[in-house]
Amino acid sequence: MLIREDLLAREKMTKEEFDRNIQLMTKWIESMAESGNFINADALHNAGRYVGRSYVLSDGPFIEAKEAISGFVLINAENTEQAASIAQSCPLVLNDTAVIEVRPVMIIENESSN
Amino acid sequence: MNQATDTVIQAADRLYKSHYGKIVSALLQFSPGIQLETVEDIVHDSFAAALTAWQKESVPANPAGWVYTVCRNKILNTLKKDKKVRPLSDTEDFYGIEPIFTESFFDDYQLRLLFACAHPDLSPKVQVVITLKYVANLKVEAIAKALGMTIDGIDKLLLRARQKIKTEQILLAEPPIADLGHRLTIVHKIIYLIYNEGYKPSTGNEILKEELCEEALLMNKALLDSGAGNSDTRALHALMLFSAARFKTRFGSTGQLLDLEEQNRDLWDQNLIKLASDFLNQSRSGTISTYHYEASIAWLHCTAKNFRATDWRLISKLYFQLLQMNPNPFVELNYAIALYYAGEKKKALTIFDKLQQQPLLNKYYLLNAALGKIHLLEGNNHKAKEYFLETLKQTNVEAEREFIRRMIDKSS
């Protein structure tokens, strides 16, 4: 699950607001761990590098974008439908701070193995 | 309110509790084209009609059949207005097949409903809510109170689940037998989550929470009795019974929360512990699940003479195994705590450090509470107090806050 939010708005958050959101996320992750869905999650810094063949930008367009990736959650789910259903219960989605892009991890079936 | 009225209300409540889901699913089978919302409205209307009618006359001999017949007639009327939806079996046949509602609380019907609720497209939370609604027959208000959610929140979840049911009609079709094995894992998880919801201290209503634990045990017992269960079902049953044995001792005489060390072990229910041990022994065939590890840990706690005499080394090894199966920071925290009590302090502290570095865990109340306790045991009262003060900001469950305030006093 790629968590996307307005990074400028996130930068303007007070420490209390930010901590509150982190706490809500911790609670959510705890419930995903309880149901055996959770694998891994991290929050990402706003600033980084934006790299192309002929450039390295320290202030990439992702800062300006309305919805840029602010973190990720890796989960185990029965299927994409269930993953979406889990994503709907994310507190940042519920309080309209973020949207979540649910993308299944690609797995290549190994045909030769049998 | 007179006594006769009371009796009628009680009879209707009992019927709701034992038959709501059954009546809904029987009606859905009768007329698959109809929407679940419509059926639920009709069932609610019919229960209201029952209250009025039964007070005028008396409670009929077959109350479930009475409500079902009223519902069915209401549906036929609805269908007449809306020609697009037709009953499955054209009228005449239909009058012939009246579902037989048994008086037993948990029958095949309800078991099938349980498997229907274990729909893989729904999130575990939604699965839990619809199971409480259709299998345990709890009213939305009660579910909200028990889970510490708003009625609005529950309604929203149900609305989404209903949309799913509408397109897939999961309550209608009994999952094919081939699917049962797969769904059994989900069913176990639902039961486990319902039990946990009832067991952990929270802002929810205490009586309702105890009911959640009972419902979970009842469902699991029904699975075992039906023969649909496997060794995981038995391990899960053992786990829940070990916890149930300690249920009442988690709180002291004034209602204060007691941790494992403070609980009066003489009050632990030895009969339940014995029963749980039997289930754990019977769960040995087959593959090992997380329930096996958790039940084994609970067994070690339940059979230890006291907190100090607990086999922490073995418990830490079991947590390590659990971690291989379900790697997450919350299990890791328990692993570190067990290591600490097993005397492997250095290894434990390394894990605590690592967990603290994760922003998502740093503000986790149980991590900070554990760090506080360890610093207290190590004699670093100042540091302990800091962690406990931090914890106090991180939970709003009153029982837990009161517990932490006591720990702060101890560290001062």
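Predicted model: local features only at pLDDT ≥ 70, side-chain atom pairs only at ≥ 80, totals over all residues.
Start in chain A and select β1 (residues 2-5) and β5 (residues 68-75): the two strands pair in the antiparallel sense over four bridges. Two strands count as paired if DSSP finds at least two bridges between them.

Residues are numbered from 1 along each chain as its sequence is written, while chains are lettered from A and ligands numbered from 1 in the order in which they are written.

**Stop 1: the sheet in chain A**

Stay on β1(A). Show A:L2, and opposite this residue find A:F72 in β5(A). Four bridges join β6(A) to β1(A), and the two run antiparallel. A:I3 has A:I100 as its bridge partner in β6(A). A:R4 stands opposite A:V99 in β6(A).

Next, show the side chains of β1(A).

Zoom out to the open sheet of four strands. Its order is β2-β5-β1-β6 (chain A), with antiparallel pairing. β2 (38-43) and β6 of chain A stand at the edges; each has a single partner strand, so one side of each is left without a neighbour in the sheet. On average, neighbouring strands of this sheet are turned by 25° against each other, direction ignored.

A:D96 lies in the loop between α4 (91-94) and β6 of chain A. Phi of A:D96 is near 65°, a positive value in a residue other than glycine. A:D96 counts as exposed, with 8 C-beta neighbours inside 10 Å.

**Stop 2: where the chains touch**

Colour by chain. 19 residues of chain B are in contact with 22 residues of chain A. Contact means that the C-beta atoms of two residues, placed from the backbone, lie within 7 Å. On the chain B side, select α6 (124-134), α9 (177-199) and α17 (359-362): each supplies at least two residues of the side that touches chain A. That side divides into ten nonpolar, five polar and four charged residues. Nonpolar covers Ala, Val, Leu, Ile, Met, Phe, Trp, Tyr, Cys and Pro; charged covers Asp, Glu, Lys and Arg; the others, Gly among them, are polar.

**Stop 3: the helices of chain B**

Chain B has 20 helices and zero strands. Buried residues make up 40% of its 412 residues.

Select α1 (residues 3-30) and α5 (residues 108-117) of chain B. Their axes come within 10 Å and cross at roughly 80°. Axes are lines fitted to C-alpha atoms, for helices over the stretch in contact, and angles run from 0 to 180 degrees between N-to-C directions. At the meeting point, B:G21, B:K22 and B:S25 in α1(B) face B:Y109, B:Q110 and B:L113 in α5(B). By class, this contact has two nonpolar, three polar and one charged residues.

Go to α13 (residues 290-303) of chain B. Eleven of its 14 residues are buried, so α13(B) is largely enclosed by the rest of the structure. Among the buried ones are B:Y291, B:H292 and B:C302. The cover includes α11, α12 (270-282) and α14 (312-325) of chain B.

Of these, pick α11(B), residues 231-245. 14 of the 15 residues of α11(B) are buried.

**Stop 4: two single residues**

Find B:N137 in the loop between α6 and α7 (140-147) of chain B. Its phi is near 55°, a positive value in a residue other than glycine. Is B:N137 buried or exposed? B:N137 counts as buried, with 22 C-beta neighbours inside 10 Å.

Finish at B:E390 in α19 (residues 381-392) of chain B. B:E390 is partly exposed, with 18 other C-beta atoms within 10 Å. Draw a distance to B:T131, 259 residues apart along the chain: the C-alpha atoms are separated by 37 Å.

Technical notes: Expected span 1.5 Å × (residues − 1). Buried ≥ 20, exposed ≤ 12 C-beta atoms within 10 Å, placed from the backbone.
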